[in-house]
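Please look over the spaces, the helix packing and the strand pairing in this protein. A short report follows.

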Amino acid sequence: MTKRKTPEELRSHRWYGVNDLRSFGHRSRTSQMGYSREEYAGKPVIAILNTWSEINPCHTHFKQRVEEVKRGIWQAGGFPVELPVQTLSEPFQKPTTMLYRNFLAMEVEETLRSYPADGVVLMGGCDKTTPALLMGAISMDLPAIFLPAGPMLRGNWNGVTLGSGSDTWKYWAELRAGHITEDDWQGVEGGIARSPGHCMTMGTASTMTSAAEALGFTLPGFASIPAPDSRHAQMAAKTGMRIVEMVWEDLKPSDILTAGSVDNAVTTCLALSGSTNAIVHMIAVARRAGIELTLDRYDDISRRTPVLANIRPTGEYLMEDFFYAGGLRAMLKELGDLIDGMQKTVNGKSIGENIADAQVFNDDVIRRRSAPLMPDNGLAVLRGNIAPNGAVIKPGAAAPHLLVHTGRAVVFKDYNDMAARIDDEALDVDEHSVLVLQHAGPVGAPGMPEWGQLPIPKKLLQKGVRDMVRISDARMSGTSYGACVLHVAPESFIGGPFALVRDGDLIELDVPQRKLNVLVSDEELARRQSEWVAPPPRFTRGYGAMHQIHVMQADKGCDFDFLQRGGAGGPQNAGEPEIH
């Protein structure tokens with residue numbers, strides 16, 4: 001039987017349990033907040049890191065959920081302390097929440113290090129929030145459990161079911177093409193997001209909360225429950241109860257995270273036909289634990305993993321349907337031997353035990369392994385002379401005829417150049433062209449925004465064109481679709497060969513062969529490289545200046561070089577200062 005901690009072994013004992021002047025101050029100030037000694041003495045102090053804010057629509061229900069978490073902590077004999085941390089609001093924060101993912105990860109780690117936390121509940125869900133919370137908690141390595149925000153309810157407009165993001169792009173294209181009216185567009189606007197929760201398509205949010213569950217960081221089944229469902233509130237209370245026991249058991253991220261659990265999470269992302277953003281985030285999460293997840297490993301798993309979730313943008317349904325069909329547990333059960341059932345999870349059981357009784361209730365939403373939506377290749381990693389360190393594409397979201405394509409490059413030097421010229425009637429472009437966006441990566445954009453789903457030129461939309469090959473060193477929303485090649489590494493802004501592509505160059509894309517090349521001689525590329533001039537820095541001060549110096553490229557997860565395990569900062573949880 002695992003040895004349980006004693007109250008004297010709690011980390012918070014150093015704040016509350018020692019008879020010295022400092023502990024007197026801690027106890028007297030806790031009394032000032034209205035708590036008596038009996039309420040916290042000898043009990044685990046549980047930090048609740050809440051990403052609620054009035055500008056994050058995905059987390060509007062967290063004001064209530066945090067009270068349910070506290071209820072569970074009190075019931076289990078813990079002492080809850082709510083600590084607000086930075087909100088990463090995908091719809092509002094510019095230029096991109098990705099610029100600030102590492103900021104939140106640092107805040108999580110330092111908040112846990114500097115306060116008397118014995119364990120932590122991580123409240124998140126909106127895109128970058130999930131990996132940021134996990135990254136910080138993994139580095140600190142205190143007992144940690146993740147509470148997913150849950151997807152919002154289905155959208156609705158004039159009897160049409162709407163999916164966040166995916167239908168935004170779809171109807172925006174129809175508006176630009178003149179096929180719907182401004183009144184129609186406003187109707188879509190009013191009906192596409194009608195409850196708390198994150199995107200209910202298989203965007204980055206649902207992909208990453210599902211990955212968190214597959215990694216073992218959530219109570220089983222939690223990631224699939226819609227945000228407004230009463231079962232979501234019940235699971236919040238159970239999460240509070242469980243973290244107290246995890247503290248006594250000393251069950252930490254380092255006890256859960258292994259190469260096997262990371263493979264489980266990657267397999268899950270691929271079986272969901274999840275967001276391409278998950279590649280960057282999963283690499284960063286794994287490297288925080290000292291696990292070397294590479295693009296090649298991701299591609300190897302993709303080649304063997306069927307797509308079972310029939311969810312937009314690759315499929316037809318939404319997350320609410322996925323939950324009613326059995327949810328993530330049912331899909332993991334259907335994956336069978338592709339999931340390592342021996343991996344440990346936060347409830348103390350293996351993931352195999354947690355999914356043993358799961359059932360599929362609608363096998364059109366959650367496909368059987370014998371009848372998948374796609375047999376494999378939910379994502380593909382490409383390499384070539386403009387992406388020597390890799391690029392990615394989501395084949396199922398692209399028009400099939402474009403998966404092997406050679407076309408003439410139409411190059412935009414940056415986002416502003418693209419925005420200014422994309423709808424210009426004089427733009428020399430046709431449906432066979434390849435749209436190229438440079439200076440959109442981690443350093444160059446800055447922050448690697450979701451600009452990768454370049455808009456199709458208006459004159460082509462009016463001719464009925466709805467997809468064409470687009471290449472960038474940016475990301476794209478997980479709710480997006482199209483033949484979009486993303487995450488080109490190294491990025492153009494720092495002198496990667498992608499910077500050398502010119503208007504009129506022929507670009508070859510071959511997804512089955514995993515190739516991406518510009519059909520220009522090595523000698524010509526060398527000549528262009530010799531003439532390349534580095535652009536001026538994006539930032540001269542503040543967090544941005546630190547970001548541009550230390551952010552790694554997409555194939556390394558875009559983490560800071562000094563935060564990854566074994567980086568300049570040393571191993572995780574190294575050098576925790578003495579309390580004086």
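## Cavities

Searching the whole structure turns up three cavities of 30 Å³ or more. A cavity is a set of points, on a 1 Å grid over the protein atoms alone, where a 1.4 Å probe fits but cannot get out. Points are joined across faces, edges and corners, and a volume is the space filled by probe spheres set on them. This is a predicted model: local features need pLDDT of at least 70, side-chain atom pairs count only at pLDDT 80 or more, and totals for chains, interfaces and linings use all residues. Residues are numbered from 1 along each chain as its sequence is written, and side-chain values use heavy atoms, with hydrogens and water left out.

The largest cavity has a volume of about 50 Å³. Its lining residues (an atom within 4 Å of a point) are Glu213, Gly216, Thr218, Pro220, Arg329, Leu332, Thr345, Ile351, Asn354 and Ile355. Helix H16 (327-335) and helix H17 (351-355) each give two or more of them. H17 has the largest share, three residues. Helices (H or I, at least four residues) and strands (E, at least two) are DSSP runs, numbered from the N terminus.

By class, this lining has four nonpolar, four polar and two charged residues. Ala, Val, Leu, Ile, Met, Phe, Trp, Tyr, Cys and Pro count as nonpolar; Asp, Glu, Lys and Arg as charged; the others, Gly among them, as polar.

## Second largest pocket

The second largest pocket holds about 440 Å³ of space. A pocket is an open set with protein on both sides within 12 Å along at least five of seven lines. Of its 23 lining residues, Tyr16, Met33, Val81, Tyr115 and Pro116 are closest to the centre. Strand E2 gives the largest share of the lining, five residues. The lining has 15 nonpolar, five polar and three charged residues.

## Helix packing

Helix H5 (residues 98-114) packs with helix H21 (residues 542-550) at about 100 degrees, their axes 10 Å apart. Axes are lines fitted to C-alpha atoms, for helices over the stretch in contact, and angles run from 0 to 180 degrees between N-to-C directions. H5 is therefore roughly perpendicular to H21 (65 to 115 degrees).

Leu99, Tyr100, Asn102, Phe103 and Met106 of H5 meet Tyr543, Met546 and His547 of H21. Contact means heavy atoms within 4.5 Å. Six of the contact residues are nonpolar, two polar and none charged.

## Strand pairing

Strand E9 (residues 404-412) pairs with strand E13 (residues 506-510) in the antiparallel sense over five bridges. Pairing needs at least two DSSP bridges. Val404 stands opposite Asp510 in E13.

E9 also pairs with strand E10 (residues 434-437), in the parallel sense over four bridges. Here Phe412 stands opposite Leu437.

Methods
Angles under 35 degrees count as roughly parallel, over 145 as roughly antiparallel, 65 to 115 as roughly perpendicular and the rest as oblique.
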